[in-house]
Amino acid sequence: MTRLAPGAGSELVHLVGDADTAIAMGSGDVAVLATPRLLALAEAATVAAVGRALEDGQTTVGSRIELEHLAASRVGTRVTVRAELMAVDGRLLRFDVVAQHPDGSVVAHGRITRVIVDRARFLERAGIR
């Protein structure tokens with residue numbers, strides 16, 4: 001049985017590079033941290049928050065994302081992304097996420113829902129073997 005409880009969390013620190021920009025990702029024409037890249041960092045934090053508590057053969061997949069990107073982060077800026085598991089409802093996991101600059105200012109905040117799945121069954125249903 002998976003042992004997950006609210007309060008589980010993780011923190012990732014990322015130095016914004018040229019490959020992380022809106023220009024590089026095709027999501028805009030400015031050299032700042034792209035929203036899709038920020039979202040990927042937030043998802044990575046949620047995965048890290050619960051990965052060790054999952055049973056063998058289990059993984060999580062994203063099912064819902066709400067992210068408000070509030071501030072630009074230029075190349076060379078360090079961004080810290082934190083995820084905290086707020087609720088467990090059967091297989092549903094709900095996280096609060098926040099990204100901050102070193103001065104504590106909020107870059108983004110939001111909520112991510114992930115679902116616990118059996119990895120092999122999920123891949124089989126997706127046609128991936």
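Begin by selecting α2 (35–50), a helix in the sense used here, where helices (H or I, at least four residues) and strands (E, at least two) are DSSP runs numbered from the N terminus. The 16 residues of α2 should span 22 Å at 1.5 Å a residue, and its end C-alpha atoms are 23 Å apart, which agrees; the expected span is 1.5 Å times one less than the number of residues. The model on screen is a predicted one, in which local features need pLDDT of at least 70 and side-chain atom pairs count only at pLDDT 80 or more, while totals for chains, interfaces and linings use all residues. Residues are numbered from 1 along each chain as its sequence is written, and side-chain values use heavy atoms, with hydrogens and water left out.

**The buried face of α2**

Staying on α2, select L38, L41, A42, A45, T46, A49 and V50, which are buried; buried means under 20% relative accessible area, exposed over 50%, and partly exposed in between, with a 1.4 Å probe and protein chains only. If you look down the axis of α2, the buried residues fall within an arc of 165°, so they line one face of the helix, the arc being that of the directions from the helix axis to the C-beta atoms. Now show what covers these residues: the cover includes β1, β2 (58–69), β3, β4 and β5.

Next, pick V47, which also lies in helix α2 but counts as partly exposed because its relative accessibility is 38%. V47 touches T60 and R114, when residues up to four places away in sequence are not counted; a contact here means heavy atoms within 4.5 Å. A distance drawn from V47 to V79, 32 residues apart along the chain, gives a C-alpha separation of 18 Å.

**The nonpolar core**

Select L4, V50, V81, L93, F95 and A99, the residues with the most contacts inside the largest nonpolar core, which has 22 residues. Such a core is a set of buried Ala, Val, Leu, Ile, Met, Phe, Trp, Tyr and Cys residues joined through side-chain atoms within 4.5 Å. Centre the view on A99 and, leaving aside its neighbours within four places in sequence, you will find it in contact with L38, V79, T80, V81, S105, V106, V107 and A108.

**Two threonines in loops**

Move to T21, in the loop between β1 (9–15) and α1 (22–25), where a relative accessibility of 4% means that T21 counts as buried. The side chain of T21 reaches the backbone oxygen of D18 at 3.0 Å, a polar contact, that is, a pair of N or O atoms within 3.5 Å, of which, within protein, one must be able to donate a hydrogen and the other to accept it, and residues adjacent in sequence count only if both atoms are side-chain atoms. Beyond its neighbours within four places in sequence, T21 is in contact with V30, A31, V32, A34 and V75.

Then select T77, in the loop between β2 and β3, which counts as buried at 15% relative accessibility. A polar atom of the T77 side chain lies 2.9 Å from the backbone oxygen of R74, and, with neighbours within four places in sequence left aside, T77 is in contact with H14, L15, V16 and H101.

**Two partly exposed loop residues**

In the loop between β2 and β3 you will also find A71, which counts as partly exposed at 24% relative accessibility. A71 touches H101, V106 and V107, not counting residues up to four places away in sequence, whereas A71 and D118, 47 residues apart in sequence, are 37 Å apart in space, C-alpha to C-alpha.

Turn to E55, placed in the loop between α2 and β2 and partly exposed at 31% relative accessibility. The C-alpha atoms of E55 and D29, 26 residues apart along the chain, are separated by 43 Å.

**The whole chain**

Finally, zoom out to the protein chain, which has three helices and five strands, running β-α-α-β-β-β-β-α from the N terminus on. Its C-alpha atoms fill a box of roughly 45 × 35 × 20 Å, taken along the principal axes, and 33% of its 129 residues count as buried. Of the contacts with a separation of 6 or more, 63% are accounted for by residues 24 or more positions apart.
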